[in-house]
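This report examines the structure shown below, with attention to its domains and its charged side chains.

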Amino acid sequence: MASEKGVKLLNFWVSPFGQRAQIALAEKGVKYEYTEENLMDKSELLLKSNPIHKKIPVLIDDGKPVCESLIIVEYIDEKWAGKASFLPSDPYARAQARFWADFIDKKVFDCGSRIWKLKGEALEEAKKEMIGILKLLEGELGDKEYFGGEAFGFVDIVMVPFTAWFYTYETFAGFQIEETNPKLVAWAKRCMERESVAKTLPDPKKVYEFVGFMRKRFGIE
Ligand code: GS8
């Protein structure tokens, strides 16, 4: 494996984690081989590249695997350092960006999954929590163009894939993110103007269909 040349990405199209890697690679203009994994029947390459978690995304650079999306995005930033950096140069600003990336990582996917998996009071709680999470993110965004200021960067890459899930969250929880969190929706639209994001993010209706399929699999109806 170590002798293989080039960059590969093991992915699954709807994964917001995988999309972070896709956007980061596109921003840096890196050519790579894309492999769509069947997560019900994982490839030998995935199992040997990420033996600990057995999850996508995995970036394989000249045969060397890098796992975990936040680590992959930072790796891409450092490896292809010639293009504009995703992280600011000031150590404190870098720490802040990493704090928000970690916040998004710990909160959004989990709360979003509760929205499409749960019902009744638990669903109401998840909905309130999601609005609160998005409000905190809006507070951090403030009146800036992007989370890091004028340039699209690390926190944007980490968060923007979840915007393709907003329609799913809205439909299952019965709310409009444009009404509860308008600044965040405006930011999402700005991000979508970038080719790296527009080419990567799936159609929100397709995400919703996928979630419908998952709900059937979990016996939720
Ligand atoms: C999460 C990756 C993940 O959940 C990261 O890369 O940031 N912390 C990791 N990958 C999922 C698909 S998206 O929900 C996955 O590969 N699941 C397969 C499995 O759990 O068997």
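How many residues apart are Glu 195 and Lys 199 in helix α10, and what separation in helical turns does that give? In this predicted model, the two are four residues apart in helix α10 (residues 195-200), so about one helical turn separates them. Their side chains meet in a salt bridge, with an N to O distance of 2.8 Å. Both Glu 195 and Lys 199 are exposed.

## Further salt bridges

A search of the whole structure finds 15 salt bridges. One of them joins the side chains of Asp 110 and Arg 114 at 3.3 Å, N to O. These two residues lie four positions apart in helix α4 (residues 91-117), and therefore about one helical turn apart. Asp 110 counts as partly exposed because its relative accessibility is 42%; Arg 114, at 25%, also counts as partly exposed. Salt bridges with shared partners connect Asp 110, Arg 114 and Glu 129 in one network.

Glu 178 and Lys 189 form another salt bridge, in which the closest N and O atoms are 3.3 Å apart. This pair links distant parts of the chain: Glu 178 belongs to helix α8 (residues 177-180) and Lys 189 to helix α9 (residues 182-192), 11 residues apart. Glu 178 has a relative accessible area of 44% and is partly exposed, while Lys 189 is partly exposed with a value of 49%.

## Domain interface

The domain assignment of the protein gives domain 1 (7-79) and domain 2 (91-217). Their C-alpha centres are 21 Å apart. At the interface, 16 residues of domain 1 are in contact with 23 residues of domain 2. The two domains bury about 1800 Å² between them, and 71% of this area is on carbon and sulfur atoms.

Three salt bridges are found across the interface of domain 1 and domain 2. On the side of domain 1 that touches domain 2, α1 (16-28) and α3 (69-79) each supply at least two residues. The largest share, nine residues, comes from α1. By class, this side of domain 1 has 11 nonpolar, two polar and three charged residues.

## A buried aspartate

Asp 61 is located in strand β3 (residues 58-61). Its relative accessibility is 2%, so Asp 61 counts as buried. The side chain of Asp 61 makes a polar contact of 2.7 Å with that of Lys 79. Beyond residues up to four places away in sequence, Asp 61 touches Gly 6, Val 7, Tyr 75, Lys 79 and Trp 80.

Methods:
Residues are numbered from 1 along each chain as its sequence is written. This is a predicted model: local features need pLDDT of at least 70, side-chain atom pairs count only at pLDDT 80 or more; totals for chains, interfaces and linings use all residues. Side-chain values use heavy atoms; hydrogens and water are left out. Domain bounds come from an automatic or database domain assignment. Contact means heavy atoms within 4.5 Å. Buried area is the accessible area (1.4 Å probe) that two parts lose on being put together, summed over both. A salt bridge is a side-chain nitrogen of Lys or Arg within 4 Å of a carboxyl oxygen of Asp or Glu. Ala, Val, Leu, Ile, Met, Phe, Trp, Tyr, Cys and Pro count as nonpolar, Asp, Glu, Lys and Arg as charged, and the others, Gly among them, as polar. Buried means under 20% relative accessible area, exposed over 50%, partly exposed in between (1.4 Å probe, protein chains only). A polar contact is a pair of N or O atoms within 3.5 Å; within protein, one must be able to donate a hydrogen and the other to accept it, and residues adjacent in sequence count only if both atoms are side-chain atoms.
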